[in-house]
Amino acid sequence: MDGTPDSYILGRSARETRRLILQNQIYGPLTRRFFRAAGIGRGMKVLDIGSGAGDVALLLADLVGPSGRVVGVDMNPDIIETARSRAEAAGWNNIEFVTGDVRELDLDTDFDAVVGRWILMYLPDAVSMLRYLATRLRTGGLVAFHENDFSYPPTVFPPSELSMQIQRWTVPPLGTPGPELQMGSKLFRTYVEAGLPAPELSVEAPVGGGPDWAGYEYIAETLRSLLPALGRLTGLDPRAVDIDTLAQRLRDDVVGRDAIQVLPIMFGAWSRKTDAR
Ligand SMILES: C[S@@+](CC[C@H](N)C(=O)[O-])C[C@H]1O[C@@H](n2cnc3c(N)ncnc32)[C@H](O)[C@@H]1O
């Protein structure tokens with residue numbers, strides 16, 4: 001992402017906002033476990049970058065409690081409005097959402113933690129972003145990021161022609177311009193290059209099966225959001241995908257064979273700022 005809103009590969013439609021919410025239903029429990037392991041807790045003041053529809057900020061509001069504070073930043077004003085109204089509807093008054101590019105805002109420098117999910121992969125220079133974010137932390141403050149890695153694409157066990165086709169559609173060849181698809185496995189190196197202590201790491205993937213598993217819908221909606229970008233980048237023809245029937249075809253394929261679906265895995269990394277930089 002080069003900083004202009006229209007360059008965001010997944011688009012900015014209302015449907016994409018709903019996809020982010022569905023995504024959080026699947027990945028939220030993993031992110032909660034990750035933040036707890038990293039040490040996010042009561043009373044902390046946390047900066048969430050690339051807040052999107054606010055799911056991470058809402059989760060953090062619960063973890064830090066009424067004595068803590070969450071500041072969520074996103075450069076897309078529409079999605080920030082969604083995040084604000086969701087926080088209001090949930091009754092949280094310990095969250096503030098700010099619109100803008102995180103590096104251009106005048107943010108406090110005494111945060112206890114800076115965090116983000118699915119954000120470093122979209123940045124042209126994740127190392128310099130982490131270096132900058134460390135300046136927003138008190139000494140001893142936590143840097144915690146949760147990112148996918150498409151070296152492990154969505155997989156069905158046992159695989160089928162349809163599931164392998166979906167892998168080919170959703171994961172463009174390495175080197176294709178766009179997000180860093182291996183951000184998860186590059187977190188360690190990114191932290192170290194940013195001058196942070198070597199981070200602790202975690203890895204987890206959502207997995208499910210049966211007719212009610214949300215993964216079929218999630219994969220189909222993700223592909224729907226990616227179609228325009230994939231058309232440009234890889235020449236994918238939407239007619240070949242038949243997107244409106246994809247979730248049901250995938251469900252039928254998995255359920256009909258008592259198979260399971262593993263969604264893209266999440267790497268977590270956390271580390272603490274050790275000096276006053
Ligand atoms: C994939 S979404 C992630 C949403 C959210 N973190 C979640 O886990 O649901 C990435 C978000 O980062 C925002 N973003 C990207 N670069 C940014 C920047 N430099 N400053 C602020 N927001 C940014 C985008 O507008 C987008 O809403």
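A salt bridge is here a side-chain nitrogen of Lys or Arg within 4 Å of a carboxyl oxygen of Asp or Glu. In this predicted model, the structure holds 15 salt bridges, and a search of the whole structure finds 4 aromatic pairs.

**Lys45 and its partners**
- Asp110 and Lys45 form a salt bridge in which the closest N and O atoms are 2.6 Å apart.
- Because Lys45 belongs to strand 1 (residues 45-49) while Asp110 lies in the loop between strand 3 (95-99) and strand 4 (111-117), the pair ties together parts that are 65 residues apart in sequence.
- Lys45 is buried, with a relative accessible area of 14%, whereas Asp110 counts as partly exposed at 40% relative accessibility.
- The charged end of Lys45 also sits over the ring of Phe111, at 5.0 Å from the centre of that ring.

**Other salt bridges**
- Glu161 meets Arg168 through their side chains in a salt bridge, with an N to O distance of 3.1 Å.
- Glu180 and Lys186 likewise meet in a salt bridge, at 3.1 Å from N to O; Glu180 is partly exposed at 27% relative accessibility, and Lys186 is partly exposed with a relative accessible area of 23%.

**Aromatic rings**
- Among the 4 aromatic pairs is the tilted one formed by Phe34 and Phe35, with 5.4 Å centre to centre and 35 degrees between the planes.
- Both Phe34 and Phe35 are buried.
- Tyr27, Trp118 and Tyr218 are linked into a cluster by ring pairs.

How values were computed: Residues are numbered from 1 along each chain as its sequence is written. This is a predicted model: local features need pLDDT of at least 70, side-chain atom pairs count only at pLDDT 80 or more; totals for chains, interfaces and linings use all residues. Side-chain values use heavy atoms; hydrogens and water are left out. Rings of Phe, Tyr and Trp (its six-membered ring) pair if their centres lie within 6.5 Å; planes under 30 degrees apart count as stacked, over 60 as edge-to-face and the rest as tilted. Buried means under 20% relative accessible area, exposed over 50%, partly exposed in between (1.4 Å probe, protein chains only). A charge sits over a ring if NZ of Lys or CZ of Arg is within 6 Å of the ring centre and within 35 degrees of the ring normal. Helices (H or I, at least four residues) and strands (E, at least two) are DSSP runs, numbered from the N terminus.
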